Amino acid sequence: MIDTVAVAAHGLSKSYGRRRAIEGVSFEVERGQICGLLGPNGAGKTTTMRVLVGLSRPDGGTARLLGEPSRLAAEVLARVGVAIDGPAFIPHLSGRRNLELAWRAGSRRWPPPALDASLELAGLGEALDRKVKGYSMGMRQRLMLAQAFMGAPEVLILDEPANGLDPGEVRALRQHLRRLAAGGAAILISSHLLAEIELLATHCVVMNEGAVITAGSLEDLLGAGAYEFDVDDAHRAEQALAAVDGVESVGTHGEQLVVSAPGRTVTELNQALVMAGVGVGAVRSRRSLEEVFLGLVERNNAAD
Amino acid sequence: MLLIELSTQLRRMRSLLLFGALAGIVVIAGVTEASKAGGRGGPATFSALNFTEAGLNFMDPVLFGLVIAMLGSIIGGSDRDWGTLRYLYVRPVSRARLVAGKWWALMVSCVLTVAVFLGVALLTGLVVFGWHPFHRSGSSHLSALAATGAVLEAGGYVIVCLLSVGSIALALGLLLPRSAEALGISLAFLVGSAVLDNVRSLHAIIAVLPVHYWLRWTSLFQGGGGGLALGLAVQAATAAVVMATAYAILARRDPAA
């Protein structure tokens with residue numbers, strides 16, 4: 001039986017000297033999931049990723065990849081694609097030669113199974129045969145992604161993969177990651193581009209000051225069925241929506257009407273308002289990840 | 001890993017320039033002395049074999065040591081300099097495999113350094129001074145065959161000697177944050193050892209320094225080979241202790257440190 005949990009962090013702790021980097025970090029990523037690892041700078045995202053791939057030894061807790069304990073140069077890493085701490089290549093060799101040497105370093109025959117698809121995503125064209133020292137930041141980033149993807153990995157650990165990419169490249173990356181997840185890969189991705197994570201991720205882990213402050217599905221985190229309406233008569237709108245089946249709560253937030261109605265579409269709610277003679281200026285289907293994230297971090301900081 | 005190290009290190013411009021400079025020194029020396037062929041410029045100008053032996057004497061220990069300290073520290077520290085070390089670990093490449101690959105690359109570098117030097121020296125000497133028996137001042141001659149054997153043996157001995165200082169540079173390259181720091185310390189050790197080697201009152205210290213034994217190959221051209229076994233043992237012990245220590249430190253160190 002295939003274990004559905006592909007990435008498992010249980011109680012991970014790590015300190016650098018007196019500075020605590022992470023403390024009691026626990027979460028899991030299953031096959032087919034795209035999990036966004038979010039947090040402000042210094043939250044411990046990169047340290048967590050380093051521990052997961054064996055690049056840092058935890059002071060406590062356990063990290064497992066595909067059911068195997070993860071440690072430095074563990075064999076299971078051959079089934080994992082990693083992009084961490086930015087791109088790094090041998091500058092006097094070509095992009096293609098870098099990929100080849102990186103692949104052969106794992107004692108495997110060239111070429112890797114997903115080379116063509118990875119090179120297509122990288123889109124380096126003839127530049128692939130030029131020395132890496134002449135590459136732009138974006139080109140290095142794309143080559144790094146090709147390196148992470150070329151082995152058709154079952155798990156991907158990606159630290160800020162969209163850095164230096166233009167909007168078209170970000171979109172191509174998003175589509176590629178979705179395809180990999182649909183094929184059963186588990187993807188853990190850290191990024192400061194919250195709008196991008198919102199479009200891409202199925203799950204999220206939010207960290208602050210070295211600890212996980214929330215983890216779960218993106219839908220749960222954002223609040224499925226939560227809407228904000230700009231209306232001309234808040235009192236009448238409140239009454240109209242409260243009478244609709246499936247509406248759990250209606251309230252005001254500033255000048256907006258905030259409605260929680262899991263299972264009801266925005267069209268149905270809008271229709272109820274119009275039928276009640278309420279003018280609707282604008283509607284937002286839910287809170288943005290940015291709002292949720294900033295709210296969580298602010299509350300966590302205030303609690304400390 | 002050896003092939004990867006050789007691809008990334010020995011084929012780079014810096015290494016090729018180093019080997020080119022080594023060959024260039026020999027050719028320039030030969031051309032400069034060409035007008036004194038036949039012994040008029042000293043023993044080195046008697047024959048190709050004399051020229052080669054004199055060249056070895058000139059290069060060893062400091063200049064050869066400098067070349068190998070450069071190559072050793074670069075081989076040891078380049079992955080860290082480039083930032084590619086983390087991507088090797090996640091391929092995955094174990095530390096043992098990484099260190100072994102680098103050490104074998106160092107070994108190839110030592111062999112190449114001496115082979116390039118001897119090859120160019122013999123060829124230059126042959127063209128400029130001709131193929132004659134090995135001439136020793138105030139003593140009998142060595143036949144060309146015996147002298148050729150001595151040159152090859154001396155070359156082998158020098159390779160082992162270079163491996164000891166190369167291992168020091170490699171170990172420092174593996175352990176220090178940048179290969180430039182490893183190179184600096186290796187050169188300081190090399191030059192310091194060469195200076196100390198002339199201070200007779202420090203015999204107890206000198207006896208454990210690998211550089212102290214480096215010129216013992218000269219006895220091969222005097223019909224003997226005394227002390228070479230001890231010299232080889234000290235070089236091998238130095239390389240083994242240094243590499244074992246480096247591996248032990250690496251194995252205990254957090255990779256992210």
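In this predicted model, helix H10 (residues 289-303) of chain A lies across strands E3, E9 and E10 of chain A. H10(A) runs at about 35° to E9(A).

The strands E3, E9 and E10 belong to an open sheet of 6 strands in chain A, with the order E6-E7-E8-E3-E9-E10. Its pairing is mixed. At the edges are strand E6 (80-83) and strand E10 (211-217) of chain A, each of which pairs on one side only. From one strand to the next, the twist averages 10°.

Which strand is joined to E3(A) by 4 bridges? The partner is strand E9 (residues 203-208) of chain A, and it runs parallel to strand E3 (residues 34-38) of chain A. Within E9(A), Val206(A) stands opposite Leu38(A).

Another helix also packs on the sheet: helix H4 (residues 137-149) of chain A touches E6 and strand E7 (155-159) of chain A. The direction of H4(A) makes about 165° with that of E6(A). Here are the two helices side by side.

| Helix | Strands | Angle |
|---|---|---|
| H10(A), residues 289-303 | E3, E9 and E10 of chain A | about 35° to E9(A) |
| H4(A), residues 137-149 | E6 and E7 of chain A | about 165° with E6(A) |

**Where the chains meet**

Now let us turn to the contact between chain A and chain B. Chain A gives 27 residues to this contact, and chain B gives 22 residues. On the side of chain A that touches chain B, E6(A) and helix H2 (95-105) of chain A each supply at least two residues. The largest share of that side, 4 residues, comes from H2(A). Sorted by class, this side of chain A holds 18 nonpolar, 4 polar and 5 charged residues.

**Two helices in chain B**

Chain B has a helix pair of its own to look at. Helix H2 (residues 13-33) of chain B packs against helix H6 (residues 95-129) of chain B at an angle of about 25°, and their axes are 9 Å apart. Because of that angle, H2(B) is roughly parallel to H6(B). The crossing of H2(B) past H6(B) is right-handed.

Among the residues that make this contact are Phe19(B), Leu22(B) and Val26(B) of H2(B), together with Val116(B), Phe117(B) and Val120(B) of H6(B). How many residues of the contact of H2(B) with H6(B) are nonpolar, polar and charged? The residues divide into 11 nonpolar, 4 polar and no charged.

Technical notes:
Residues are numbered from 1 along each chain as its sequence is written. Chains are lettered from A and ligands numbered from 1 in the order in which they are written. This is a predicted model: local features need pLDDT of at least 70, side-chain atom pairs count only at pLDDT 80 or more; totals for chains, interfaces and linings use all residues. Axes are lines fitted to C-alpha atoms, for helices over the stretch in contact, and angles run from 0 to 180 degrees between N-to-C directions. Angles under 35 degrees count as roughly parallel, over 145 as roughly antiparallel, 65 to 115 as roughly perpendicular and the rest as oblique. A crossing is left-handed if the near helix is turned anticlockwise from the far one by less than a right angle, and right-handed if clockwise. Two residues are in contact if their C-beta atoms, placed from the backbone, lie within 7 Å. Ala, Val, Leu, Ile, Met, Phe, Trp, Tyr, Cys and Pro count as nonpolar, Asp, Glu, Lys and Arg as charged, and the others, Gly among them, as polar. Two strands pair if DSSP finds at least two bridges between them.
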